[in-house]
Amino acid sequence: MELGLIGLGKMGGNMRERIRRAGHTVVGYDRNADLADVHSLEELVGKLKGPRVVWVMVPAGEATQSTIDQLAELLSPGDVVVDGGNSRWTDDEKHAAELAAKGIGFVDCGVSGGVWGLENGYALMYGGTAEDVAKVLPVFDALKPEGDFGAVHAGKVGAGHFAKMVHNGIEYAMMQAFAEGWELLEAVDSVTDVREVFRSWQEGTVIRSWLLDLAVRALDDDEHLDKLRGYASDSGEGRWTVEAAIDNAVPLPAITASLFARFASRQDDSPQMKMIAALRNQFGGHAVESK
């Protein structure tokens with residue numbers, strides 16, 4: 001099939017390549033002309049045959065809203081817009097209604113996989129009507145990991161980003177647990193090789209995971225994380241997860257505490273936050289701050 005892809009950064013650029021490897025045509029647009037296949041949204045839409053599918057992969061908020069507003073004027077009834085960024089699920093409902101008024105479908109898709117997705121595939125959580133999802137399904141199949149898992153039609157519009165938000169909230173808590181354990185091991189004299197303790201956990205333990213593998217990679221690069229400042233950002237989904245928990249009266253003590261720990265990292269050079277920063281850099285290519 002043919003796909004228009006808007007936003008060719010770290011994620012979008014690799015997604016374009018993976019979709020092309022599966023035999024599909026991708027017409028990509030980015031404000032950086034060196035990355036783009038076309039030089040305007042008008043040109044992108046003009047190169048696609050109807051019914052068109054256009055995937056938006058730009059930062060949440062104003063950038064996504066502006067892009068969807070422009071597409072609403074360029075696309076035709078029966079076309080579908082996919083928001084694959086990290087938009088808040090409540091924005092999805094608004095975007096779907098705006099596009100539906102012009103006969104254009106909308107699918108929201110949470111995407112996980114970071115800088116490793118090109119080779120390993122991307123975990124996909126999407127929401128929308130069965131009719132709209134069916135138009136995008138070949139692209140979902142191209143992006144997902146091999147095998148039976150890694151993609152889910154989570155429900156109605158908004159369900160994909162809501163599921164991805166909860167995924168990221170869980171991720172916050174898991175990274176915090178690894179970081180706290182690492183700091184405690186580093187704090188005692190009796191443990192003389194913390195990195196190898198972490199490495200030993202990669203086989204046969206109940207906490208073995210991809211995050212643990214990435215922690216070992218980070219420690220191989222910088223055994224005591226001396227090069228990093230103990231500062232970690234939050235991308236928004238952690239806050240939204242806690243807010244949704246409050247709205248639905250669901251207790252989330254571990255996820256909430258992990259979010260607050262990141263806030264604490266902005267006040268002091270936190271050893272735990274060195275590990276959080278290292279993990280975010282390993283799985284997503286997120287920026288780290290040096291001392």
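A residue is called buried when its relative accessible area is under 20%, exposed when that area is over 50%, and partly exposed in between. The structure to which these words are applied here is a predicted model. By this division E119, at 56% relative accessibility, counts as exposed, and of the 291 residues of the protein 48% count as buried.

Taken as a whole, the protein has a secondary structure of 12 helices and seven strands. A compact globule with 291 residues would have a radius of gyration near 19 Å, and the 20 Å of the protein agrees with that expectation, while the C-alpha trace spans about 65 × 40 × 35 Å along its principal axes. Among the contacts with a separation of 6 or more, 69% are accounted for by residues 24 or more positions apart. The protein exposes about 13,600 Å², of which carbon and sulfur atoms supply 53%.

The charged side chains deserve a separate look. There are 28 positive and 44 negative side chains in the protein, and the centres of the two sets lie 3 Å apart. With a salt bridge taken as a side-chain nitrogen of Lys or Arg within 4 Å of a carboxyl oxygen of Asp or Glu, the count comes to 16 salt bridges.

One of these joins the side chains of R21 and E119, with an N to O distance of 3.2 Å. Because R21 lies in helix α1 (residues 10–21) and E119 in helix α5 (residues 117–120), the pair ties together parts that are 98 residues apart in sequence. A second salt bridge is formed by the side chains of D79 and R52, at 2.9 Å from N to O. Here D79 belongs to the loop between α3 (62–74) and β4 (80–83) and R52 to the loop between α2 (41–46) and β3 (53–56), so this pair ties together parts that are 27 residues apart in sequence. D79 is buried, with a relative accessible area of 2%, and R52 is buried as well, with a relative accessible area of 16%.

A further salt bridge brings together the side chains of R195 and D220, at 3.9 Å from N to O. This pair links distant parts of the chain, with R195 in helix α8 (residues 194–200) and D220 in helix α9 (residues 210–221), 25 residues apart. Salt bridges that share partners join R195, E196, R199, D220 and E223 into one network, within which D220 counts as partly exposed at 39% relative accessibility.

Finally, consider helix α10, which comprises residues 237–247 and contains V242. Which residues of α10 are buried? They are E237, G238, W240, T241, V242, A244 and A245, and V242 is assigned to this group because its relative accessibility is 12%. The buried residues of α10 pack against α4 (89–100), α7 (159–187) and α11 (253–265). Just after α10, A249 takes a positive phi of about 55°.

Note on methods: Residues are numbered from 1 along each chain as its sequence is written. This is a predicted model: local features need pLDDT of at least 70, side-chain atom pairs count only at pLDDT 80 or more; totals for chains, interfaces and linings use all residues. Side-chain values use heavy atoms; hydrogens and water are left out. Helices (H or I, at least four residues) and strands (E, at least two) are DSSP runs, numbered from the N terminus. Buried means under 20% relative accessible area, exposed over 50%, partly exposed in between (1.4 Å probe, protein chains only). The radius of gyration is taken over C-alpha atoms; the globule rule is 2.2 Å times the number of residues to the power 0.38. Contact means heavy atoms within 4.5 Å. Accessible areas come from the Shrake-Rupley method with a 1.4 Å probe; for residues, only the protein chains shown count as cover. Lys and Arg count as positive and Asp and Glu as negative; His and the chain ends are not counted. The place of a charge is taken as NZ of Lys, CZ of Arg, CG of Asp or CD of Glu.
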